[in-house]
Amino acid sequence: MKVLDKIIYKNVVDSTNDLAKKIARYGAANGTVIIAEEQTGGKGRLDRKFFSPRDKGLWFSIILRPNCLPNDAPKFTLMAAAAIACAMERFNLRAEIKWPNDIMYDGRKLVGILTEMSAEVERVNFIVVGIGINVNVERNEFPENIRDVAASLSEMNGGNLNRAEFFYAVLEEFDRLFAQNDFGEVFKIWRKYNITLGRNINVVEADSGEIFTGKAIDIAEDGALIVDIGGEVKTFYAGDVSIRTK
């Protein structure tokens, strides 16, 4: 795919995902990457805002045109998480992946991934994988309402990281996994770094808002989370997971 050859740099955007979807509709090529120094309207899952301060992180989106069915789209969220985990390993940092789309440090969020799609019943037109990485954000620079739930790679590293070097490391790892076209490898990496499976968790189901408590057993071939709810196995395709400490 060679995403390194198709990078669009922006100073400030509302949302790299929104811009990526717009240019994808006009035919932007598979592997096109849009990266911005700052997002004024960065977004996460469930229409939440994503704090994206200038020159402090990596805020970018990758346009994909895979030959797959729409129900395969969530797998690319796992691919992005696996790529970031491998990139972190190159900087001697150990990722902790929490289903479905967060990378954590000390129980706080380092990375958010938002996957969006344009599709028809039997084919995907394009997928946009949006990635927000808190690289060199100081603890006191986070808004007060997220200060206790957000973290940055610099805190984990004990000093600032070179954002450009880390960005290219992520793209190289994503390129490698996408080119392999082997989600078995993606799942293998995801499981290696995950902190969800085998744990007692609470799941807030995205559609109903209902809270379920149980033990995370595995992820399905389509990326869904399989949970044992009191002896009954339930599959979640979207939702918020919190890991229970008791």
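## Terms and model

Helices (H or I, at least four residues) and strands (E, at least two) are DSSP runs, numbered from the N terminus. By that rule, Ile195 falls in the loop between α5 and β8 (200-205). The protein as a whole has five helices and twelve strands.

This is a predicted model, in which local features need pLDDT of at least 70, side-chain atom pairs count only at pLDDT 80 or more, and totals for chains, interfaces and linings use all residues. Residues are numbered from 1 along each chain as its sequence is written, and side-chain values use heavy atoms, with hydrogens and water left out.

## Confidence

The predictor's confidence in each residue is called pLDDT and runs from 0 to 100. Its mean over the protein is 90, and 95% of the residues reach 70 or more. Which elements have the lowest and the highest mean pLDDT? Strand β12 (residues 239-243) has the lowest, at 84, and strand β3 (residues 57-64) has the highest, at 96.

## Overall shape and surface

The radius of gyration is taken over C-alpha atoms, and the globule rule is 2.2 Å times the number of residues to the power 0.38. For 246 residues, a compact globule would have a radius of gyration near 18 Å, and the protein agrees with this at 17 Å. Along the principal axes, the C-alpha atoms fill a box of roughly 50 × 45 × 30 Å.

Buried means under 20% relative accessible area, exposed over 50%, and partly exposed in between (1.4 Å probe, protein chains only). Buried residues account for 51% of the 246 residues. A contact means heavy atoms within 4.5 Å. Of the contacts between residues at least 6 apart in sequence, 65% join residues at least 24 apart.

## Charges

Lys and Arg count as positive and Asp and Glu as negative, while His and the chain ends are not counted. The place of a charge is taken as NZ of Lys, CZ of Arg, CG of Asp or CD of Glu. The protein carries 32 positive and 35 negative side chains, and the centres of the two sets lie 1 Å apart.

Gly223 sits in the loop between β9 (211-219) and β10 (225-229). Is this residue, Gly223, buried or exposed? Gly223 has a relative accessible area of 7%, so it is buried. Not counting residues up to four places away in sequence, Gly223 touches Leu78, Trp99 and Phe187.

Pro100 belongs to the loop between β4 (97-98) and β5 (102-105). The C-alpha atoms of Gly223 and Pro100 are separated by 8.2 Å, although the two residues are 123 residues apart along the chain. A cis peptide bond, with omega about 0°, joins Trp99 and Pro100.

## Two asparagines with positive phi

Most residues other than glycine have a negative phi, and most peptide bonds are trans. Asn92, which is not a glycine, has a positive phi of about 60°. Asn92 is in the loop between α2 (75-90) and β4. With 72% relative accessibility, Asn92 counts as exposed.

Asn181 is not a glycine either, and has a positive phi of about 50°. Its loop lies between α4 (163-180) and α5 (183-193). Asn181 is exposed because its relative accessible area is 63%.

Which residues are in contact with Ile195, leaving aside its neighbours within four places in sequence? They are Glu96, Ile97, Lys98, Met104 and Ile243. Ile195 and Val111 are 84 residues apart in sequence and 14 Å apart in space, C-alpha to C-alpha.

Glu173 is part of helix α4. Its relative accessible area is 10%, so Glu173 is buried. Apart from neighbours within four places in sequence, Glu173 is in contact with Ala83, Cys86, Ala87 and Arg90. Between the C-alpha atoms of Glu173 and Phe60, which are 113 residues apart along the chain, the separation is 15 Å.
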